[in-house]
Amino acid sequence: MGSIEYTAPPTCARMMKSEAFGRIIAGPVGSGKTTACIFELFRRACEQEPAPDGIRYTRFAVVRQTLKQLKDTVLKDILAWLPHLAEYKVSESTIFIKVGDVRSEWLLIPLDDPDDQRRLLSMQLTGAWLSECTEMDVELLSPLAGRVGRYPGANLGGCTWSGLIADTNMPTEGTPWHQFMDMSTPPDFQIFIQPGGMSSRAENLEWLNQTPGTLRLSTSDPVRLAQGRKYYERFVRSNTKDWVRRYVDAQYGNDPSGTAVHRETFHSHYHVVDELEPINMYPLVVGLDFGRDPCAIICQPDHRGRLLLLEEVIAEDIGLELQLQRALKPALLQERYFGRAVIVVGDPAGTQRSTLYEETSFDMVKREGLMAYPAPTNDIDRRIAAVDSWLLAQRDGGPGLLIDRERCPVTIRALNGGYKYAKLKNGQRKPTPDKNEYSHVMDALQYAALATLGGLVDMVAARMRRPAREAAVTPSSRGWT
């Protein structure tokens, strides 16, 4: 029996090293996802602690939407990569792995047969692999998670490892899988996204579309990599922009209903960065949405003419005063913002006095020691256009708006499709966005975008730099009468 050599592409390697209970790897077609999942199950089978009889027992469910897909792709790949080790028994729809003291069962379970679905959710498993998981119902994850970690049982020494792995191309915006992978990923799941096929960091090029001649070159040879790139270049030429976005560029697909507000202007790979730090000597601009669920977003125009979204401050079911005292002010008092002027920009409706108290929302902000100004307008079209203007802006060949990935997760999810236009019962789109969990933070961003585009920040900054004695002798309009 010959040896088997496998080197995982970088993102696949990170997925395999992760100890998260659930792991999903997504990327372009041909990027090595399936192979990585095969070797992840095989590795876990080999690492299982021996039972009292000296045998390493494991059992995995390999799940896909149809039996034909399982046989045409997954089964063939497993048998190709594990020759002489894997034997497929048609009558049991099971692959048996036997090597040394390893005895592993890989049960092929299609979801197009209700009997197979019931069988899957009654199994005693070590783990499961969902192939092309976004073709399945995301609700399958929860009951399936309850079936893993049950074999080998206590009498055989228990499971050394148990969990779920999945591979997929990128889902479409607004779908349950997009929600799961990008907006509400459970804490015991981890998502790994490979670079796009046309990226300079594209993975697995050295094995794609190769000829006998290029295979004789080293795996890092530019000629060999260029040959692999042709695989994706052909797809780009022959498919629609939306298809290429998901299957080549490894990006979330466009919302098919067309309801995402910023679907054409926001691109997470372009606008989102791992970390942003405030710039010295430049003021902070806080967009603030009033109301029962007040939200704030801390921004800063920098010396390159960009707008930096540094941090979001989300509040739920508290009033404005408590949000200022418990959330926004403590955030602004962090060391990273120390010594910077702060300008708060909010809804112009906040200038109206309360029916119970002789105080406006802006009065309350000022009472907490913050400079506050109303945004130039509350017109929703102009607010959305202001955000789009920043998203479309370019500075020095890069984006005009940058977002801190870790400190602005809700804002990113909102821009990625969570902030949508509402729909009528007949399915037609309303001209205004839906009031949902993302509308508050987007309102705050819109006020900040308006202020930084319209010159309000420059005007306030100029006033702040004016010497006090100069301000004292400036004549009022009465002096001219």
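Modeller: Helices (H or I, at least four residues) and strands (E, at least two) are DSSP runs, numbered from the N terminus. This is a predicted model, in which local features need pLDDT of at least 70 and side-chain atom pairs count only at pLDDT 80 or more, while totals for chains, interfaces and linings use all residues. Residues are numbered from 1 along each chain as its sequence is written, and side-chain values use heavy atoms, with hydrogens and water left out.

Colleague: Which residues does a cis peptide bond join, and where is Pro152 found?

Modeller: As a general idea, most residues other than glycine have a negative phi, and most peptide bonds are trans. Here the bond between Tyr151 and Pro152 is cis, with omega at about 0°, and Pro152 belongs to the loop between α5 (141-145) and β7 (163-168). Glu132, which is not a glycine, has a positive phi of about 50°, and this residue sits in the loop between β6 (127-131) and α5.

Colleague: How should I read the order of the strands in the open sheet of 8 strands?

Modeller: Strands of a sheet pair through backbone hydrogen bonds, either parallel or antiparallel; two strands count as paired here if DSSP finds at least two bridges between them. The open sheet of 8 strands has mixed pairing and runs in the order β3-β4-β5-β2-β6-β7-β1-β8. Because β3 (86-89) and β8 stand at the edges with a single partner strand each, one side of each has no neighbour in the sheet. Strands β4 (residues 94-99) and β5 (residues 102-110) run antiparallel and are joined by 6 bridges, with Ile95 opposite Trp106 in β5.

Colleague: Which strands does α1 touch when it packs on this sheet?

Modeller: Contact means heavy atoms within 4.5 Å, and the angles run from 0 to 180 degrees between N-to-C directions, with axes fitted as lines to C-alpha atoms, for helices over the stretch in contact. By these terms α1 touches β1 (22-26) and β8, and its direction makes about 175° with that of β1. Helix α3 also packs on the sheet, touching β2 (56-64), β3, β4, β5 and β6, at about 140° to the direction of β2.

Colleague: What is the strand order in the open sheet of 7 strands?

Modeller: That order is β9-β17-β12-β11-β10-β13-β14, again with mixed pairing. The edge strands are β9 (272-273) and β14 (371-374), each with a single partner strand, so one side of each is left without a neighbour in the sheet. Strand β13 (residues 342-346) pairs with β14 in the parallel sense over 4 bridges, and Ile343 has Met371 as its bridge partner in β14.

Colleague: How is a pocket defined, and what volume does the largest pocket have?

Modeller: On a 1 Å grid over the protein atoms alone, a pocket is an open set of points where a 1.4 Å probe fits, with protein on both sides within 12 Å along at least five of seven lines, and lining residues have an atom within 4 Å of a point. Grid points are joined across faces, edges and corners, and a volume is the space filled by probe spheres set on the points. The largest pocket has a volume of about 1000 Å³. Among its 34 lining residues, those closest to its centre are Asp182, Ile193, Ser268, His269 and Arg405, and α14 gives the largest share of the lining, 4 residues.
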